Amino acid sequence: MKLNRREALALMGGTLAATTLGTPAFSKNRKITVGALRFTSHSASFIALERGYFQEMGLDVELKFFQAATPMAVAIASGDVDFGVTAISGGLISLADKGAIKVIGGVLSEEQGIDGQKILVSDAAFKAGVTSPDKLDGKTFGMTTAGSSFHYMGSQIAAKEGVGLKFKPLQKVGAIIGALKTGQIDAWSIVPHIAKPLAGSGAVHIIGDVSHYLPNYQVTTAFTSAKNAAEEPEMTRNFIAAYSKGIADYNAAMVDGTLGDAGRAEMVDLIHQYVYAGKPREKAAKSIINGSMRLNPGVAMNVGSIEKQLNWFKSEKLVNGTIGLDQLIDTNYVKTL
Amino acid sequence: MPENSISEKSKSGHSIRASGSCLASKQQPVPFRGGGFVPVSRPWMGFVVFFVLIVFLEAGTRIGFISALTIPKPSDVLNTFVELYSSGLLWTHLVPSLMRFVIGAAIGTLLGVSLGIAIGLFAYVRAGLVPLIAALFPVPKIALLPLFVIWFGIDEASKYALIAFGTFTPMVVATYGAVDNVDRGLIRMGQSFNLSWFSIVRKIVLPGAMAGILSGLRIALAIAIILLVAAEMLGAEYGIGAYILQAGSLYDLERLFTGVAILSILGVLVNSAIGLVEKHVLRWRG
C-alpha cells in the first residue's frame with residue numbers, strides 16, 4: 001500500500017488522536033522510578049508492581065534498590081527517583097529543610113499486639129547479665145549512622161529506662177550484625193525478619209520489643225520530591241492509590257491472615273522474588289512470614305509520631321532547629337492519624 | 001632580475017665577511033633567550049585562585065543561580081567552623097583523629113622504611129617480599145576494615161591498623177626504589193676507600209636514598225589522611241572523619257565542607273612539615 005503525504009499525515013494524526021482519546025486522563029503511562037530496600041516492609045511496592053496496580057493507574061514503574069535510607073532521600077532530591085519509602089532520617093529532614101523533599105504518607109507502623117521490631121543484645125552482654133532493656137546502662141548500641149532510625153530508637157529506649165547508651169556508627173546493617181555477633185557492640189534494635197533468625201542462631205538474644213517504648217511508632221514513610229508534591233498532584237495521587245492497593249493485599253495476606261494459607265503462600269512467593277531472593281524458598285518463607293508488620297491502610301500518616309521524631313532530631317541538634325513540621329510533611333494526599 | 005639577485009647575494013656575503021672583520025665596531029645585540037621553564041615562587045597566586053573561587057561561590061549561592069542543594073554558602077561554612085571552634089568540639093574531634101593519624105602513620109611508615117631498606121640491600125629479602133608487597137599494594141584497605149574490626153577490635157587498634165597498613169605499602173615501594181637509585185659511583189668510591197659495609201650503608205646509601213624516601217612519605221601521609229575517614233567509618237564517635245560521615249548522612253553540607261576543609265588544611269600542614277624536614281635532611285645536596 002502506497003501512502004501519499006496527506007494520507008500519511010492523516011494516519012499519523014489519527015493514531016495520535018486514538019492514543020490520547022482512547023485512554024482516560026490519568027493513564028498517560030508515565031515512567032516513574034520508585035526507591036526501595038530489600039526488606040519485607042517494602043512489600044507493597046513489589047505487590048503493586050507485580051499485580052499491575054501501578055499500571056492500572058497509568059504509572060510505568062521501575063524499582064531502584066538502595067542500601068540505606070539517606071541515599072534514597074538524596075536520589076529523590078536529585079530527581080533520579082520519584083517516590084521512596086524509608087525511615088525518617090536526619091538526612092531526609094535536612095533535605096526537606098532545603099525544600100527538596102516532602103513526606104506524603106506513612107507506611108510501616110509499630111502496633112501493639114503485632115510482633116514488631118526487637119531489641120537485641122550480644123551473647124556476651126546477655127551472659128554478663130543484660131537480660132532486659134533497663135540493664136543497658138553504659139552499654140554500646142549499634143546504628144548505621146547518626147540520625148538513623150536506630151539512633152532514634154536507641155535513644156528513646158534509653159530515655160524511657162533512664163539508662164545511658166553509647167552509640168557506635170557502623171554504616172551498614174551487615175556490619176552491625178557482624179559486630180553484634182562477635183560482641184564488639186552490646187545492643188541493637190531491628191525489624192523482626194532479621195531479629196528472629198539472628199536470635200535463633202544463639203549468637204544474640206532478644207530482650208524486648210520496640211513497640212513497648214515507642215507505641216504507634218511511624219517507622220517508615222512514603223516521600224517524594226517537593227516538586228512532585230506541589231506540581232504533580234495527579235501523578236502523586238495515582239501513586240498513593242496504587243500503593244494503597246498493594247498495602248491492602250499485604251495486610252490481608254500476611255498480617256490479618258484473611259486470605260488463609262494459600263493466600264499467604266502466594267504472597268510469600270511474590271515477595272521472595274525481591275527479598276532473600278538468594279535463599280531457597282523454604283528458608284526465605286520463614287523469615288518473610290516472621291517479618292510481617294502492619295503497613296498503614298491507605299498510606300495514612302501518623303503525624304503525631306512524625307512530629308515526635310522531628311522534635312528529637314532537633315533537640316539532638318542533628319538537624320537545623322528552625323524547620324517546622326509543615327516543611328517536612330504534605331498532608332494533602334492521605335488521611336492523617 | 002636574476003643578475004640583480006646574484007649581485008645582492010654577493011653583496012650580502014661580502015657584508016658578512018666585512019662585519020666579521022670589523023666585529024668590534026658593528027656588534028649586533030642578541031636578545032637573551034634563556035630563562036623560563038623554572039618554577040618561580042609566586043605565593044600570592046594560590047591565594048588569588050582560592051579567593052576568586054570562594055567569591056564566585058558566595059555570590060552564586062547568595063544570588064541564587066547555585067542552589068542550596070548543590071553547594072553551601074562559603075560564609076556559612078566559615079560560621080560552622082567558628083561554631084565548632086568556640087563550642088570546643090573542634091578539639092574533641094581533632095585530637096582523636098590526630099592521635100590515629102600520628103600513631104597509625106608512624107607504625108606504617110617506620111615498618112615500611114625498614115622493610116624497604118632491607119629489600120634494597122638484601123637480595124633474598126627482595127626476591128621473597130617484592131611479589132608479596134606487589135600483591136598487597138592494590139588491596140583496597142577500606143574493604144578490609146570489617147576484617148580489621150574482628151582482628152583488632154572495634155576501638156582504636158583497628159583504626160591504627162588500617163592507617164598503618166595503608167601507609168606501609170607505598171612506603172616500602174618508595175624506599176626500595178630510592179635505595180636502588182643511590183649513585184653506584186659513590187658506593188664504589190666508598191668501597192675503594194675501604195669503608196665497612198655498615199659505614200657505606202650509613203654514610204652513603206641512607207643519605208642518598210633520603211630524597212626518594214621523603215617524597216614517598218608525602219604520598220604515604222596523604223593516603224593516611226584519606227584513610228582517616230575510612231578508619232572512622234566503624235565505631236568512631238568522635239574524629240574529623242566521623243564528623244564528615246555524620247554530616248554526609250544528615251545531608252548537612254556546611255558541616256561536610258567544614259570537615260573536608262579541616263582535612264585539606266591538615267594535608268597542607270603535613271606537606272610543608274615534610275618540606276622543612278627535606279631542607280634539613282638534604283642539606284648535603286647544596
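The structure is a predicted model, in which local features need pLDDT of at least 70 and side-chain atom pairs count only at pLDDT 80 or more, while totals for chains, interfaces and linings use all residues. Residues are numbered from 1 along each chain as its sequence is written, and chains are lettered from A, with ligands numbered from 1, in the order in which they are written.

Chain B holds eleven helices and zero strands, where helices (H or I, at least four residues) and strands (E, at least two) are DSSP runs numbered from the N terminus. Its radius of gyration, taken over C-alpha atoms, is 29 Å, well over the 19 Å that the globule rule gives for 286 residues, so chain B is more spread out than a compact globule; that rule is 2.2 Å times the number of residues to the power 0.38. Along the principal axes, the C-alpha atoms of chain B fill a box of roughly 95 × 70 × 35 Å. Of the 286 residues of chain B, 30% count as buried, a residue being buried if 20 or more other C-beta atoms, placed from the backbone, lie within 10 Å of its own.

Contacts, for which the C-beta atoms of two residues, placed from the backbone, must lie within 7 Å, link 18 residues of chain B with 24 residues of chain A. On the side of chain B that touches chain A, α6 (145-152) and α10 (240-249) of chain B each supply at least two residues, and the largest share, four residues, comes from α10(B).

Methods
A residue is buried if 20 or more other C-beta atoms lie within 10 Å of its own, exposed if 12 or fewer, and partly exposed in between; C-beta atoms are placed from the backbone.
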